[in-house]
Each structure stands twice: as structure tokens, then as C-alpha cells.
Amino acid sequence: MANKQIPIPYKIYLTEEEMPKQWYNLRADMKNKPAPLLNPGTKQPMTAEELGAVFCEELVKQEIDDVTAYFDIPKDILAFYKMYRPSPVVRAYELEKKLGTPAHIYYKFEGNNTSGSHKLNSAIAQAFYAKHQGLKGVTTETGAGQWGTALSMACAYLGLDLKVFMVKCSYEQKPFRREVMRTYGASVTPSPSMETNVGRAMNERFPGSNGSLGTAISEAVEVAVSTPGYRYVLGSVLNQVLLHQSVIGLEAKTALDKYGVKPDIIIGCAGGGSNLGGLIAPFMGEKLRGEADYRFIAVEPASCPSLTRGKFAYDFADTGMVCPLAKMYTLGSGFMPSPNHAGGLRYHGMSPILSQLYHDGFMEARSAVQTDVFNAAVTFLKCEGILPAPESSHAIWAAIEEAKKCTETGEAKDILFGLTGTGYFDLYAYKAYNDGTMTDYIPTDEDLAKGFATLPDIG
Ligand SMILES: *Cc1c(COP(=O)(O)O)cnc(C)c1O
């Protein structure tokens, strides 16, 4: 709760001086460290050398370092950050009024850049290290398209080639996202393609397949490891991505500290866990060190409930089973989520860092059905004026739920949530909502059992 009586503005910005100069590595303060990535062939921990065949050198160092608390942000990345950061912490006064809640609601808005999401924070870092290593280009996959867009911006800025495998249904349904990437100079291929072994095999087994994130990852990795001068980069899940995204939480904490506000509850949507991991990082650090207490809530779609209904186990990150195995909350790499408009939350697994913290009881998780999420999104957009991404709207939903509880108890809690992006490329989703054709499929236990059956058997 706020301990100073200074009036809080609608938007809290930081000066360039106040912006973070280092990323914070949450793992340094975790007693139970996230489990190491395993080689899918030998089932032994991946060595830096093995990881280096797939990922950039400097990023491998960040990936496996669980003791160094702070990493300097290279000055070229700081310069790029200054073009679109700091992002504001906004006090949602109008939403509070609408809800009639005594709670104070704050959101950290990451949608103010052309990619429309927080993904640019890690895209620029990963592209920078690839360039620094003298690489020619990188490959990646994109589901909903936000990550591919962010990476295409970063690669264009640094003069790196980029090859994006875009899940075929998104490639067809989101032609404008595709064109943004191509305009930045990226090559965009619908996945499954005929350019890789994995893609050709998928096309043969499932003719006319709409594709999946897991297959697109396998294709991107295959091209990266078989093309000299290329590496693969990933927009979420990995430890290095959470490290880069800590800039969100560090800025948010500095902004709130200026006004003496200590959030009681911190909420974020969770797909692979990068925005949530970044937002909570410095606060969770205080909690782990016993310096302060906060409640953290991860919100996921009921159609893809990895934390709330998944298993904590080693699993494949991709369908082709070429990526390292990660120990995480997972629904199984063979899990096929039912159609859901929050494309960025349709991943079968979850960040190993967040999985471990959740397993150890430091974080809560809940799931939301799609129509509830869109009801929350529309309440928010009418008061606060921002058209939120469907992914972000999961966090809005939980923040509203918590604010309503405050109305009942009369408590003036401080609630902070991550507003990860805008929804201008998701208007088919809003159309379904407006037309009343949106569905709320929740997988049955039998549906989940099929996904769990694809888990590898590791002791
Ligand atoms: C990708 C994405 C997410 C989910 O990814 P995380 O890694 O869990 O943060 C959430 N919101 C938006 C707008 C996204 O683009």
C-alpha cells in the first residue's frame, strides 16, 4: 500500500537517467534453481558447447548462468531502448471509477511500439548478440506474429537477415502482420513448409495442416543448425528472455517507488512466461530474499492451462523433438489447444523459472475462459481508451476480479498488472466477440491425457 500521500499522476514516466542500466537475473536469488536443459538425444544436461550450435554464444552464457544477479545492458541496446522506452506505469483511475472499487489499479503498458508488444525488449537484445558474434542472420518462428514482428524490427535496425516460420493459419489470417515483417525486410514462410525435413514430414502426414508453434520451432531450428552463419532465437520460455524482460519490472518498480507505492498484488498473463517473469522479477527478488512480500498471479487461458492443470516434468519444447528438453509445467508437446484468440498464450509449456517458483509456492495461477477475458477487455477499452491484445486481457480480467473483491472488503489494495500489448491485429477476435460467435472450449481430462501421453519418460 502507498505510504506517502503524494498525488499520483495518470502516467508515471522515468527520465532516461532513471532507466535501468542492468538486467536482473532472478535465478541468482532462487534457492531451488530451475532444472538444466537436457540434450534430447543423451538426456544429459546440455553443455555450453552443445547449446552454442543452436543459440548465440553470449545468450548461451546468459541462459546457463544462475548465480550472476545483474548483467550490464550493452550501450547499443540501451540506445535502442531509449527510442521506445521507458514505458509508462498508468494509474487506471477511470477503470477504478467504473468499477467503484477502493483498490488502486496500475498497469505497465508495453504496447507503445510498432511491434505492439513487450517482445521487442528481448528481440533487440538477441539480435544485438547475434550481430556482435559476426553472424549473418537468425531464424525463428512466430505464432500470433508479435514475436516475428519485434524481431524483424530489431534485425532491420542491426542489418541482420531474418527468416521467420509463421504458423500457417496465422500466415493466412493475419496478412497485415506478415506484411509488417516483410516490410522490415524479413523473409516469412508459412509452416509447415516444404523447405525442411520436419516441414515435409508434417505435410506428408497431415496434408493441408494449419501448422502449430511446435512445428514452426522445429523448422526454424533445423534451418539455423544447417545454415552456416545462422543461429536460432526464441521469443519466450528461455531464461535469457526472462532476463531481458526484467527491464519491465525494474522500470515499474522504480516508477512506483517514486510515489511510495508497494503493490499488494502483481498480475500478468502467461504464455511462455516472459512478460510475467520480467514484470515480477525485482519484486520476486525481494520476496525470495525475505525483504518484502507480494502476491503474484499468473493468468492463462482455460483452453491451454499449463500451470493450473499441467504436469511439472521434463518435456520437449517443439513437435519435431529437436530442441533441448526443459523441466516445466507442461501439457505435453503433443497437446493441441482448441482454437483461442490469444495466440501468444497457446504454448504447451511454461518458463522453467516460473514453473519452479510456482512449484515452490511463490506464485499463484488461475485460468480464464475467453468470453470473460473479452468482457474484461471491453470494459477496459471503454474506460482507459486502449484496445488491448487478447493475451494482455487475461491480466485485465484478473485485475478486475481482484478489484471487485476489494469492493466487497473495503480494502484499498494496490494492484499492478502487465498490459503487454495492443490488439489491432486481433480484430477477427473482437469480431467473433461482437458477433456472439466466440467459443469457450475447456479441454476435458481425456483431452489432456492425450497430451500427457506424449511426455518423454525421464526419471
Ligand atoms: C507473446 C505475447 C504474450 C505471451 O508471451 P509471454 O512470453 O508469456 O509473455 C502476451 N502478450 C502479448 C501481447 C504477446 O505478444
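Tutor: A residue is called buried when its relative accessible area is under 20%, exposed when it is over 50%, and partly exposed in between, using a 1.4 Å probe and protein chains only. The model is predicted, so local features need pLDDT of at least 70 and side-chain atom pairs count only at pLDDT 80 or more, while totals for chains, interfaces and linings use all residues. Residues are numbered from 1 along each chain as its sequence is written, and side-chain values use heavy atoms, with hydrogens and water left out.

Start with the backbone. Most residues other than glycine have a negative phi, and most peptide bonds are trans. Lys-43 is not a glycine, yet its phi is positive, at about 65°. Lys-43 belongs to the loop that runs between strand S2 (22-24) and helix H1 (48-52); helices (H or I, at least four residues) and strands (E, at least two) are DSSP runs, numbered from the N terminus. Lys-43 counts as partly exposed because its relative accessibility is 35%.

Val-237 also has a positive phi without being a glycine, with a value near 65°. Val-237 sits in the loop between strand S9 (230-232) and helix H11 (239-258). Its relative accessible area is 9%, so Val-237 is buried.

Two peptide bonds are cis. One runs from Arg-85 to Pro-86, with omega near -5°, and Pro-86 is in the loop between helix H3 (75-84) and strand S4 (89-91). The other runs from Ser-191 to Pro-192, with omega near 5°. Pro-192 falls in the loop between strand S8 (187-191) and helix H9 (197-205).

Now return to the stretch around Val-237. Asn-239 lies in helix H11 and is buried, because its relative accessible area is 10%. Leaving out residues up to four places away in sequence, Asn-239 is in contact (heavy atoms within 4.5 Å) with Arg-27, Glu-63 and Ile-353.

An N or O atom in the side chain of Ser-236 is 2.5 Å from an oxygen atom of the ligand.

Leu-59 is in helix H2, and Leu-59 is buried because its relative accessible area is 1%. Setting aside residues up to four places away in sequence, Leu-59 touches Gln-126, Tyr-129, Gln-240 and His-244. Leu-59 and Ala-125 are 66 residues apart in sequence, with 9.0 Å between their C-alpha atoms.

Val-60 lies in helix H2 (residues 57-64) as well. Val-60 is buried because its relative accessible area is 5%. By the rule that leaves out residues up to four places away, Val-60 touches Ala-48, Leu-51, Gly-52 and Phe-55.

Gln-356, in helix H14 (residues 352-359), counts as buried because its relative accessibility is 9%. Beyond its neighbours within four places in sequence, Gln-356 is in contact with Met-30, Asn-32, Lys-33, Pro-34 and Phe-312.

Glu-364, in strand S14 (residues 364-368), has 30% relative accessibility and therefore counts as partly exposed. Apart from residues up to four places away in sequence, Glu-364 touches Arg-295, Phe-296, Ile-297, Ala-298 and Tyr-358. The side chains of Glu-364 and Arg-295 are joined by a polar contact of 2.8 Å. A polar contact is a pair of N or O atoms within 3.5 Å; within protein, one must be able to donate a hydrogen and the other to accept it, and residues adjacent in sequence count only if both atoms are side-chain atoms.
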